[in-house]
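Please keep the sequence and the structure open while reading.

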Amino acid sequence: MRIAFATFSQETNSFCNVLVDLNTLRQFTVKGEDMRRASDGAHTYLGGVYDEARQRGVEIVFTRATSLKPSGPCHEDAAEECMNEILGCLCREYEKQAYDGIILFMHGACATPKHPDVEGEMLQMIRSKLGYEIPIGMVLDLHGNITDEMAQLSDILIGCKCYPHIDEYEQGRRILALLEEKIRLGYKTYHRLVKLPWHMVPAQGLTEGDGPAGDVKRLCIQKEQEDPDLLQLSFFQGFPYSDVPASSVSFISVAKTQEAADRHALEAARYAWDRRADFAIPLYGAEEAVALALQAEKKPALVHESADNPGGGTAGDGTDLLREMLRVNVPSAFGFIFDPEVAELAKQAGVGNRITCLLGGKTDKLHGEPIQLTDAYVRCVSDGRFIRKSPMGLGGKNSLGTTVCLEVGNVQIVVGSFRTQTFDEGPFVTAGVDWELLDIVALKSAQHFKGWWGDKVETIIPCESHGVMTANIRLLTFTKANPDYYPLGNADWEEDRV
Ligand SMILES: [Zn+2]
């Protein structure tokens, strides 16, 4: 059996002004043999698909993989080039030697002004060239905004189940296994998509631990274990910062009968909807969050910024929390803030010297004002490289570009040159910061950091700073997402209408 495999993944934050152009897109694209090498041994969706294929004796036809960091929308020409290239690869390979199925890994919340549903569009393009008979398996991120087109044009649509997404590798294996069995045994699969009138923010979505999102995840898994007709039941939290009509929480089932698909998706949706009030979270400003951290019995306490989480397409140079830490001036470290200009300035000055500069707050006007630093001590200059220790992407080679540690009073500030969230201690380690004996460690991430930090620190405090991933979505102006959906409005869910 041969299965073709392609990836085009981007999470679009409509409120971010950093757009993806053709150059960026090409920079994050691998093809053919390079895609195989990137998959081999990786703890990612790609690695999972490849390992499961080898175990089942399936030959993978590697075509093209574009995996972009979350940011503002793609330019139209970039998105269209990527989709056309994937389609071209799939068609050329099919002409050379027909394969038996296709696996697509996409995000589920990729949008451009012209294509509010890039994933549905990609499926439509493939179907129009290769027909409706060839089985397509699709794996999406838990933050996908699922559309009818995605459900109708794919045969098996699943998501990752965990947030932090520590199960990407396992779900990569699962999509391959499900598609291989469907092709080998020849059974038909049925979807049921249930969309709830609900905008859930990532800060509410932790599935590990006792919270409501964890209860929903466990219910989905329990249903899969109890009913052999139910192949997968996915809880998609949606991504409200992608301002598209399809933005919402949704459930999608894949089953061997339509009855099972309908029943399980509706029951899980009903359970989550009835518990929606339980998802409320506290919103601490920077001052309150730091004050709470100082009260923690066991040090260090960790404070994290969800609203400026580059993992959801924010600027990464927000200054609210760092400014408050500098004011309080207890032994602490901030890992990290994005500011390539300052990193370069410090590198030029060299270790042991001092620099005066404006730090952060440069990408837009939505993440706080720049901080004036005077005679900041350059403690460390690094190439920013480290190996990922987080269970998400474990073992992967990471780089923040030129990375420096500046010391201002008792605060050590890590400044990096690549926008990404902090998953583990990598940004601290590469900048020479020994965080364990400090009072406060701070970082920018909504939930993924908990995959590694969760059992390293006792106290974790969310900080609701200024940023385009604010948990208070009433602060944002939506133009395409439904303003009646909970909690913006009072829309109720009428099951029969779905
Ligand atoms: Zn996600």
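**Domain layout**

Taken over C-alpha atoms, the centres of domain 1 and domain 2 are 31 Å apart. The model is predicted. Domain 1 covers residues 2-279 and domain 2 covers residues 287-470.

**Contact between the domains**

- On the domain 1 side, 25 residues are in contact with 23 residues of domain 2.
- The residues of domain 1 on the side that touches domain 2 comprise 12 nonpolar, 9 polar and 4 charged.

**Nonpolar core**

- The largest nonpolar core has 151 residues, and those touching the most other members are Ile3, Val49, Ile103, Val303, Phe334, Val414 and Val415.
- At least three residues of this core come from each of domain 1 and domain 2.
- In soluble globular proteins, nonpolar side chains tend to be buried together.
- Leaving aside residues up to four places away in sequence, Val414 touches Ala333, Phe334, Gly335, Phe336, Thr403, Cys405, Pro427, Phe428, Ala431 and Val433.

**Strand partners of β17**

- β17 pairs with strand β11 (residues 332-338) in the parallel sense, over 6 bridges.
- In this region Phe338 stands opposite Gly416 of β17.
- Strand β16 (residues 403-408) runs antiparallel to β17 and is joined to β17 by 5 bridges.
- Val404 stands opposite Val415 of β17; Val415 is also listed among the core residues that touch the most other members.
- The hairpin of β16 and β17 has 2 residues between the strands, and Gly409 in this hairpin takes a positive phi near 60°.

**Helix α11**

- Helix α11 runs over residues 320-328, and its buried residues include Asp320, Leu321, Leu322, Arg323, Glu324 and Met325.

Methods:
Residues numbered from 1 in each chain as written. Predicted model: local features only at pLDDT ≥ 70, side-chain atom pairs only at ≥ 80, totals over all residues. Pairing = 2+ DSSP bridges. Helix = DSSP H or I, 4+ residues; strand = E, 2+ residues; numbered from the N terminus. Domains from an automatic or database assignment. Contact = placed C-beta atoms within 7 Å. Nonpolar A, V, L, I, M, F, W, Y, C, P; charged D, E, K, R; others polar. Core = buried A, V, L, I, M, F, W, Y, C linked by C-beta atoms within 7 Å. Buried ≥ 20, exposed ≤ 12 C-beta atoms within 10 Å, placed from the backbone.
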